[in-house]
Amino acid sequence: MSRPVRVAVSGANGNIGYALIFRLASGQIFGPQTPVSLRLLEITPFLPNLQGTIMELEDCAFPTLADVQASDKAEVAFADADWVILVGGMPRKDGMSRADLIRANGPIFTGQGKAINDVASADARILVVANPCNTNALIAKSHAPRIKPENWFAMTRLDQNRAASLLAAKAGVNVGQVTRMAIWGNHSDTQYPDYKNARIGGKPVTEVISDHAWLEETFIPTVAKRGGAVIKARGASSAASAANAALAHVHSMVNPTAAGDCVSAGICSTGQYGIPAGLIYSMPLHVTDSKNYKVIDDFVVDEKARQRIDASVKELTDERDVVKDLLGPAI
Ligand code: LMR
């Protein structure tokens with residue numbers, strides 16, 4: 001077996017955490033030859049419950065679980081982490097937008113960004129799941145000048161999965177037939193699920209699905225508002241599907257993307273497609289090897305798509321203004 005990959009998870013005792021850590025430990029994400037060392041961060045009152053989850057992890061007898069420790073201190077939990085998955089934060093309730101959480105959750109990310117800067121592995125990669133994830137990632141990243149900007153991600157894989165699933169259902173095909181399903185922008189209602197560049201069975205979606213009005217008027221808002229619909233139906237925000245998306249994100253980032261496909265994630269823009277540099281903005285990515293990715297540069301952006309992309313830029317710029325007192329030197 002190779003050296004363990006160390007994965008820190010914040011909010012480990014929550015619903016997403018519970019759905020996440022067993023699959024991380026099982027070898028499913030990094031493979032059967034890579035042991036996983038888990039570091040679980042929780043607030044102090046939940047540490048006793050988390051001990052119960054650790055007992056369950058032990059009882060699973062995963063050969064790939066090297067060790068597991070819990071802590072209520074980010075500086076302890078994030079030490080030498082190769083991956084940090086930031087799940088902890090207040091979830092939204094029915095009737096709220098994700099941005100309504102900004103002042104409740106934003107401050108968590110100043111301390112966590114500093115802790116990552118101080119103690120995580122120099123090559124650590126960080127995935128922010130807690131909402132509003134793009135702006136939380138921006139805050140944390142701004143306090144971590146030691147970590148490369150390209151190592152920060154905000155999770156839009158859940159939107160990508162939702163979009164692929166919806167297109168597959170409409171076309172009556174298996175979801176594996178949907179490729180190049182990019183999400184642009186914020187993990188919010190302004191996101192743009194880009195059906196125009198996506199493929200079904202290798203063909204443009206607009207050739208396979210003739211109902212173009214459905215694509216523009218139903219598909220886009222259904223994907224963008226799906227998190228709210230889940231909250232309404234379940235009485236709680238998505239957990240298993242969010243955990244699944246976080247795991248899919250990590251798996252996708254350590255394995256090359258299949259030719260002709262893409263993965264979506266909020267990354268620190270360097271100006272691609274005219275997105276202002278520094279914003280954490282979701283784009284189509286191609287992972288080249290276990291450590292590197294590039295933004296795919298041949299997506300066609302027509303005028304309508306541009307308007308949608310710009311609307312999400314505007315929203316993220318506004319969110320950045322709301323948290324400007326929380327931003328650190330590496331903005
Ligand atoms: C989701 O998209 O399901 C999550 O981000 C939770 C939420 O508040 O929508």
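**Ground rules.** In this predicted model, local features need pLDDT of at least 70 and side-chain atom pairs pLDDT 80 or more, while totals for chains, interfaces and linings use all residues. Residues are numbered from 1 along each chain as its sequence is written, and side-chain values use heavy atoms, without hydrogens or water.

**Ligand shell.** I looked up the residues around the ligand (a heavy atom within 4 Å) and found Arg92, Arg98, Asn131, Leu158, Arg162, His187, Gly227, Ile231, Ser237 and Ser238. Domain 1 (5-154) and domain 2 (157-320) each give at least three residues to this shell; the bounds come from an automatic or database domain assignment.

**Polar contacts.** I then checked pairs of N or O atoms within 3.5 Å. Ligand oxygen atoms lie 2.7 Å from a side-chain N or O atom of asparagine 131, 2.7 Å from a polar side-chain atom of arginine 162 and 2.6 Å from one of serine 238. The protein buries 93% of the 260 Å² that the ligand exposes when taken alone (Shrake-Rupley method, 1.4 Å probe).

**Backbone.** Back at asparagine 131, I saw that its peptide bond to proline 132 is cis, with omega near -5 degrees. Proline 132 sits in the loop between strand E5 (125-128) and helix H5 (133-142); strands (at least two residues) and helices (at least four) are DSSP runs, numbered from the N terminus. I also noted arginine 180, whose phi is positive, near 55 degrees, in the loop between strand E7 (178-179) and strand E8 (182-184). Most residues other than glycine have a negative phi, and most peptide bonds are trans.

Note on methods:
A polar contact is a pair of N or O atoms within 3.5 Å; within protein, one must be able to donate a hydrogen and the other to accept it, and residues adjacent in sequence count only if both atoms are side-chain atoms.
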